[in-house]
Amino acid sequence: MKAVCWNGANDVRVETVPDPKIINPRDAIIKITSTAICGSDLHIYDGYIPTMQKGDILGHEFMGEVVELGSEVRNVKVGDRVVVPFTISCGNCFFCQRDLWSLCDNSNPNAWMVEVQMGHSPSGLFGYSHLFGGYAGGQAEYVRVPFADVGLFKIPDHLTDEQVLFLTDIFPTGYMAAENCNIKPGDIVAVWGCGPVGQFAIKSAFLLGAERVIAIDRIPERLQMAKEQGKAEVLNYEEVNVGEALKEMTGGRGPDACIDAVGMEAHGTDAMAFYDQVKQAVRLETDRPTALRQVIVSCRKGGHVSIPGVYGGFVDKIPMGAAMNKGLTFKTGQTHVHRYLKPLLNHIENGDLDPSFVITHKLPLEQAPHGYEIFKHKQDNCIKVVLKP
Ligand code: NAD
Ligand code: ZN
């Protein structure tokens with residue numbers, strides 16, 4: 001089959017690789033109909049995620065049709081149309097049983113690599129390096145899905161791929177980010193980053209009852225989408241002092257909750273130098289969590305800081321003094337996608353939100369390298385790329 005393979009920082013290629021096979025009785029094989037490129041893939045593309053190996057298949061936002069099942073899979077059948085959460089979860093462990101799916105104890109066979117640094121490992125993730133289990137991703141024609149009885153979610157036929165694809169990640173991620181803000185009527189929520197995750201965080205904040213959302217970025221078409229689609233007020237951080245503007249817009253108090261939907265941002269050629277560092281050790285150090293610092297400093301006293309943005313290794317120069325003295329509440333994590341599938345599908349079916357609004361580019365799988373380039377560099381008004389195998 002054809003698949004998008006990692007070959008090094010800023011180098012992905014569409015290669016011919018062996019088809020996946022059932023290796024466990026709870027596996028399924030999915031023929032992929034739609035798959036997207038995520039801001040999280042850019043961290044790999046930038047070279048921020050160590051333990052990638054040449055030839056690893058990328059991609060964790062995908063859906064398609066079940067073509068083969070292991071002998072123990074009961075609740076899906078061949079021919080079913082499904083979306084696949086990007087987090088791999090067994091459904092049985094302490095964490096899955098508590099609805100904390102992205103913390104599954106049984107889906108990351110390489111847990112030891114992360115436990116040195118983090119104490120405990122998060123769940124396995126599709127297409128996201130050997131730190132997260134070394135699973136082949138879904139930017140491909142076929143993929144193997146482990147724990148298929150809990151890892152596949154059936155989709156009604158009347159909804160298009162474009163309407164449901166983002167249930168795999170960015171819609172639940174934006175939603176969980178907003179839920180983590182503990183929104184009360186009248187609240188003002190500020191969202192740093194108007195990429196796809198930020199766009200869903202804005203929509204979700206309103207779904208959850210925010211009165212106003214203020215969105216921050218520097219890319220004009222992303223700010224425009226936040227304003228027109230998201231009904232947010234917007235700030236261009238290259239044009240205004242964000243901290244001062246937020247104070248002014250909130251009567252001097254600061255937003256009630258602040259969301260960091262940026263994460264590790266590569267600033268141009270920095271990424272290559274960075275990559276040389278991370279090759280040396282399974283750790284990252286950066287003193288550039290610009291958005292996160294602003295989030296903490298801008299949030300009102302007693303407010304909520306929600307961090308869906310992805311960080312790896314050690315991130316220094318966090319203003320912990322401000323966090324402590326202002327009594328902030330922090331919530332973060334890989335999204336517990338399984339938790340949100342049904343409620344968010346309901347929102348889509350009710351017409352509360354059509355997630356396809358973020359798609360700016362639909363490309364054949366063969367053009368994935370071009371898709372990565374325009375998404376990374378925000379060229380050609382790119383906000384979200386969907387690949388069609
Ligand atoms: P993206 O790269 O398209 O968007 C990031 C946006 O942040 C860009 O528009 C960029 O211009 C903006 N930005 C950069 N620096 C900024 C700053 N200082 N202030 C304000 N905006 C700034 O990525 P995305 O797909 O929207 O993903 C966003 C983050 O969410 C990434 O870190 C991604 O890895 C993460 N993510 C997390 C989860 C999870 O489970 N927690 C899931 C999916 C994605
Ligand atoms: Zn993603």
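A polar contact is a pair of N or O atoms within 3.5 Å. The model to which this cut-off is applied is predicted.

**Exercise 1. Identify which atoms of P308, D217 and P196 approach ligand 1, and state the distances.**

Solution. 
Step 1. Begin with P308: a nitrogen atom of ligand 1 lies 2.8 Å from a backbone N or O atom of this residue.
Step 2. Turn to D217, where an N or O atom of the side chain is 2.6 Å from an oxygen atom of ligand 1.
Step 3. For P196, a polar backbone atom is 3.1 Å from an oxygen atom of the ligand.
Step 4. Compare each distance with the cut-off of 3.5 Å. The values of 2.8 Å for P308, 2.6 Å for D217 and 3.1 Å for P196 are within it.

**Exercise 2. Determine how much of ligand 1 the protein buries, and describe the shell around the ligand.**

Solution. 
Step 1. Ligand 1 taken alone exposes 870 Å², of which the protein buries 98%.
Step 2. Two or more residues of the shell come from each of α1 (39-45), α7 (196-207) and β11 (212-217). The greatest contribution is that of α1, with four residues.
Step 3. There are 31 residues around the ligand, and S40, H43, D217, P308 and T335 come nearest.
Step 4. Sorted by class, the shell comprises 15 nonpolar, eleven polar and five charged residues.
Step 5. Both domain 1 (2-169 + 335-388) and domain 2 (170-332) supply at least three residues to the shell.

How values were computed. Residues numbered from 1 in each chain as written. Chains lettered and ligands numbered in written order. Predicted model: local features only at pLDDT ≥ 70, side-chain atom pairs only at ≥ 80, totals over all residues. Heavy atoms only, no water. Near = heavy atom within 4 Å. Polar contact = N/O pair within 3.5 Å; in protein donor to acceptor, adjacent residues only side chain to side chain. Areas by Shrake-Rupley, 256 points an atom, 1.4 Å probe, with all protein chains shown as cover. Nonpolar A, V, L, I, M, F, W, Y, C, P; charged D, E, K, R; others polar. Domains from an automatic or database assignment.
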